[in-house]
Amino acid sequence: MKPRYATLDRRKLLIGGSAMAAAFSLARAPARAADIDVIVVGAGAAGIAAAQAVKATGRSVAVLEARGRAGGRAFTDSSLGPSYDAGAMYIHWAERNPWSDIARELGVETAPEPWGGGFRVFAEGRPMADADRRRRRDAFRQIDSRLETVDIGTRDLSIAELLGDLGPEMTPVATSGLLLSIGEESSRISARDYQRLWSGDDLVVPSGYGNLVARSGAGLDIRLNEPVTAIDWSGSGVTVTSRSGTLRAKACILTVPVGVLKAEAIRFTPALPAATRDALAGLNMGALTKIALKVEGDRFGITPGASFLESGKPEGLINFDMYPDGKDLVIGYCGGDFARQISQAGPDEARAHVTDLLATMIGSEFRKTVKASSFPAWWIDPFAHGSYSICAPGHDAARDALAQPVGERLFIAGEATAGGGAITVGGATLAGRAAAAALARLKA
Ligand SMILES: Cc1cc2nc3c(=O)[nH]c(=O)nc-3n(C[C@H](O)[C@H](O)[C@H](O)COP(=O)(O)OP(=O)(O)OC[C@H]3O[C@@H](n4cnc5c(N)ncnc54)[C@H](O)[C@@H]3O)c2cc1C
């Protein structure tokens, strides 16, 4: 298996479901001055999709976004010159992912995954022995076969428990694959939730998935640099406070990441109901992150697109995409506690660490080719607090519970509420549309 983001093989599940069918009626809202019909908080994939869908029904809608850009965790970073997707890169399960159609409609090219260039495995910067590589491959296969055979019908397990009796050698190897796919330690991942995640073929967007998501917000009233700090839903509508003041609306679709909600960056009056708070308690944020090096000059005979995996120990696991698409870039990505540690250490230490490692793998001359770096450390990003939602073992009902409308006027949407589509841009979009559809349906 070539480690990369989300090589998932999961079951089918309809998102939203009955949760979104709960009663909501704009028509029933008592007459109260509202500045706008619907406020959407967050201009990521979910917020943009929700706002476009609300707008299509003829209602007025404004999107309040904390950052100075739209797209959220779908972000094409051009700060180094050649661009790369610092967040989402793959259109997963492309056959049914709404982004295949959106790209087509906007005339944006998509392409099959740019695999090729070879795959090399290292332990502490030295090539890994063939026997160890074989052992790794076998161990990765065990996750899916265990999911097929171990009974998780009666009790939800963590992935670590599911694989626990593979033995002291195989278990850490098998679980380390999840650090690069799910971005979290296997002891913190619900096996049931993992199993329900959708799978399928992946596409990429050569001009940038982040650029595509941001572009899909064209025509919307997106107000940038407006971090929302308070939402009052005590009356018949909602009053939302952001940097430039308060805005009243009949309803609010809230698409901030669960990390932001758990950090209590937004004060709710009254407090969110116990069921919503319980749902949040069962969801955490993973820590998948990337670090990009701008490299110029000698490529040391390495084929563009090659993958170099450092796999000596799980706490230092990192994969490098070497010169992807022939660009002057090397992109490292890692997850779990190692990613947390490197994020907290800061960009200089992160750059020094990966440069040292690559110099051991390739030769010390590599250092001279490193000209600049960019480190989108999602774990310490105040508007994300991590990469994407991870369902804790025993909390596999949390995603659906979080999607339950609050007080018939507050809808929480986003990748975390997307059922089998969770953790992805496609899921976020479907969840945003589902929230907007509930508004429209119940207005009728
Ligand atoms: C490194 C990495 C790799 C990934 N790879 C993939 C991949 O290959 N394929 C894939 O499908 N998915 C991938 N994902 C996941 C994907 O990016 C997310 O699931 C998706 O973008 C989430 O969309 P969303 O709209 O739910 O949330 P977001 O995109 O996070 O949007 C929420 C918005 O709310 C804003 N916000 C936060 N707080 C406030 C506030 N207080 N007030 C106002 N606005 C606020 C944020 O700035 C953000 O713009 C990856 C993520 C990461 C981090």
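Predicted model: local features only at pLDDT ≥ 70, side-chain atom pairs only at ≥ 80, totals over all residues.
1. Residues are numbered from 1 along each chain as its sequence is written, and side-chain values use heavy atoms, with hydrogens and water left out.

2. The ligand sits in the largest pocket. Here a pocket is an open set of points on a 1 Å grid over the protein atoms alone, where a 1.4 Å probe fits, with protein on both sides within 12 Å along at least five of seven lines; sitting in it takes more than half of the molecule's atoms within 2 Å of its grid points.

3. The shell has 40 residues, with Ala46, Glu65, Arg73, Tyr90 and Val228 the closest (a heavy atom within 4 Å counts). By class that is 25 nonpolar, 10 polar and five charged, with Tyr and Cys counted as nonpolar and Gly as polar.

4. Check the backbone polar contacts (N or O pairs within 3.5 Å): Val228 reaches a ligand nitrogen at 2.8 Å, while Ala45 and Ile423 each have a ligand oxygen at 3.2 Å. The protein covers 99% of the 1,000 Å² of accessible area that the ligand has on its own (Shrake-Rupley, 1.4 Å probe).

5. Two backbone spots: a cis peptide bond joins Thr269 and Pro270, with omega about -10°, and Asn225 has a positive phi of about 55° without being a glycine.

Definitions and conventions
Polar contact = N/O pair within 3.5 Å; in protein donor to acceptor, adjacent residues only side chain to side chain. 1 Å grid on protein atoms, 1.4 Å probe; cavity = no way out; pocket = protein on both sides within 12 Å on 5 of 7 lines; lining within 4 Å.
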